[in-house]
Structure formats: C-alpha cells, structure tokens
Amino acid sequence: MTQDMPTPDAPLRIGTRGSPLALAQAYETRRRLAAAFALEEAAFEIVVIKTTGDNRQLIEADKPLKELGGKGLFTKEIEENLLEGRIDIAVHSMKDMPVAQPDGLTLDCYLPREDVRDAFVSLNHGSLADLPAGTVVGTSSLRRRAQLKLRRPDLEVVEFRGNVQTRMKKLEDGLAGATFLAMAGLRRLGMADVARTAIDPDEMLPAVAQGAIGIERRDGDTRVRDMLAAIHDHDTGLRLAAERAFLAALDGSCQTPIAGLAELTGTSLRLRGEILRPDGSESFSDVDEGPVEDGGAIGEAMARRLLAQAGPGFFDWHD
C-alpha cells in the first residue's frame, strides 16, 4: 500500500460536522491513521461540512428532532459529499447514525468505544435523585425523556438542544435545572468535570452505540478500506453488531425511545435492551447472552420478544 499512501500534497480527506465534539472525533481519527501508517498529520485534511441539523435556526428552535427530520439531519450532506468524491471518509457519532447506509456507502470501521454512560449535569443538584419535584429537566433525547418520566414522573421535561456549551449556557440562564449529556462526548472534549455524576447503565440504559465513533467509506474504495482496517476496533464492532441489529429489528429512529448495551466477556456477549412508551408511562426490558459471533441474531431475537410483549402501537405518540 505504500505507493497509495496519502501525502500533504494529496491528503486523505476526512469529512465531519463542525461542532467541537465532531471535530474532536475527526482529530482522533486523523491521529490514529497517522500513527498506524507513520504519516504526518498533514497527510490528512479535515473537511467541515455543514448539515441541516447544524442550521442555527433549527438548533435554537428547540423543536423535537422528530419534527425536523430525525437522525438524517446530521448525516445527509456528509454522505452526499462522500458519494460525490469530495471527501474520502466520514466520521460519525454512531448513536446519531441510521441503521442503514445509502447505496454505495459502507460503515465497517469503529474506533475503541468510550464511556457509554449518561452524564447528569446540573449547576445546583448532585444527582437525579436530588432533584425536587417539579424541577425542569432539559433533553432532546426521546430515550432520556421517556426514561426520566418513567423514573421521575414528578419532574417537568422540556426540549433542550445544542452542543455542550449551548446547553451549559441554557442551564446558567435558568431555562432548566438539569440536563443529560453523554460521558463519552464530555471526555473527548476534556470536559468530564461538567458531569455531576455518571449514571450507571443499571439505572439508565444508554442509547444504542453511545460512545462509539464510526467511519464511513465508499464501497469499492480498497485503499481506504485497507487503511481503515488498521484502526478498526474489533470488540467495538462486535458490540455494535448486536446493538444495531436490535435497533434495526425495532425500526428504531429518533421517534422511538430505545436503549441497548452489549458487553463482552471473553468469547461471550451479553445484551441488554429496553423499549419505552414515548410518554414514559411503560417500559419493557430484556437481557440475553451468547457467543460473540451470534450478536446480530441475539439482537434481532430480543427485539422480536420485546415487540411481542409491548403489542401494537406501543411507540405511538399521544401528545
């Protein structure tokens, strides 16, 4: 592959959103590729692509993502640039990714997974249990909203979007008494101290693929395929295969509150899954374990069991 290696004059172009967290993930990808092939970082170009979801008017509107277009808001323009050859790879937060890629694109490289837990963030309270009844909690996640209403129906939940800095400003302005962020994002930004507490998955199961970075490429691009293989984390791939199969079988989207987490112990994989009514009035959960190579089948079977328990219309909205 030496003759095909990128150079400062002909760099490998890494597509990303322009938020501080997205850039941190792109920089991590660049560092890992440069180290794997003993290349200068200048052999990789970071290309910032503005997505529909980055439109400031949409961000500030604080409308639910389900009303604005769902997960595709943060990926559509990046994937278009990848398909059209303007970039060579695209770096994504995996919890934002739809379960299917557009024709012509493949997602088969994952970096080592970060902390999967949710972070409880508040200026005045130490934990979720400390919140007085009636406290306003802000979140843009339907999963977190439903889990919160299930556990603390005495709290008021409002729509709350934007990057870490935007959400912290909203807390300072008194728009909410608490919010939730992903520990992975805070750690990647060097802001782990923003979290008052990290919430154990036994208390609040995280989003499918939370904490994982995925790198998308064009089908048939063998040079990029071989380069990405050098930085792919096999264990993360096995865990996400189970979680994303679970999500796909549930037809998961931004409009469905779903949580899932796969963990590895030797050659065994343990998957936990949860589905919730959007209003948090009811939930069903399951756990299963089996050989790591059966992760996809484990996820699909769990989804079928939970859907059978929940019955028709479980995810319907009743606003």
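Me: What share of the contacts between residues at least 6 apart in sequence joins residues at least 24 apart in the protein chain?
Reply: In this predicted model, 70% of those contacts join residues at least 24 apart. A contact here requires heavy atoms within 4.5 Å.

Me: Why is the protein chain called as compact as a globular protein of its length?
Reply: The chain comprises 10 helices and 13 strands. Its radius of gyration is 20 Å, close to the 20 Å that the globule rule gives for 319 residues, so the chain is as compact as a globular protein of that length. Along its principal axes, the C-alpha trace spans about 65 × 45 × 35 Å.

Me: Why is Arg144 called buried?
Reply: Buried means under 20% relative accessible area. Arg144 has a relative accessibility of 4%, and therefore counts as buried. Of the 319 residues of the chain, 53% count as buried.

Me: Where is Arg144 placed, and which residues is it in contact with, leaving aside neighbours within four places in sequence?
Reply: Arg144 belongs to helix α5, residues 142-151. Beyond those neighbours, Arg144 is in contact with Lys95, Asp118, Thr139, Phe180, Leu181, Ala182 and Gln210.

Me: What makes a set of residues a nonpolar core, and which members of the largest one touch the most other members?
Reply: The members must be buried residues of the nonpolar kinds, joined through side-chain atoms within 4.5 Å. The largest such core has 27 residues, of which Met94, Phe246, Ile258, Leu269, Leu271 and Ile275 touch the most other members. Elements giving two or more residues to this core include α9 (234-249) and β12 (268-276). Another core, of 20 residues, lies apart from it, with Ile14 and Cys109 among its members.

Note on methods:
Residues numbered from 1 in each chain as written. Predicted model: local features only at pLDDT ≥ 70, side-chain atom pairs only at ≥ 80, totals over all residues. Heavy atoms only, no water. Buried < 20%, exposed > 50% of the residue type's maximum accessible area, 1.4 Å probe, protein only. Rg over C-alpha atoms; globule rule 2.2 N^0.38 Å.
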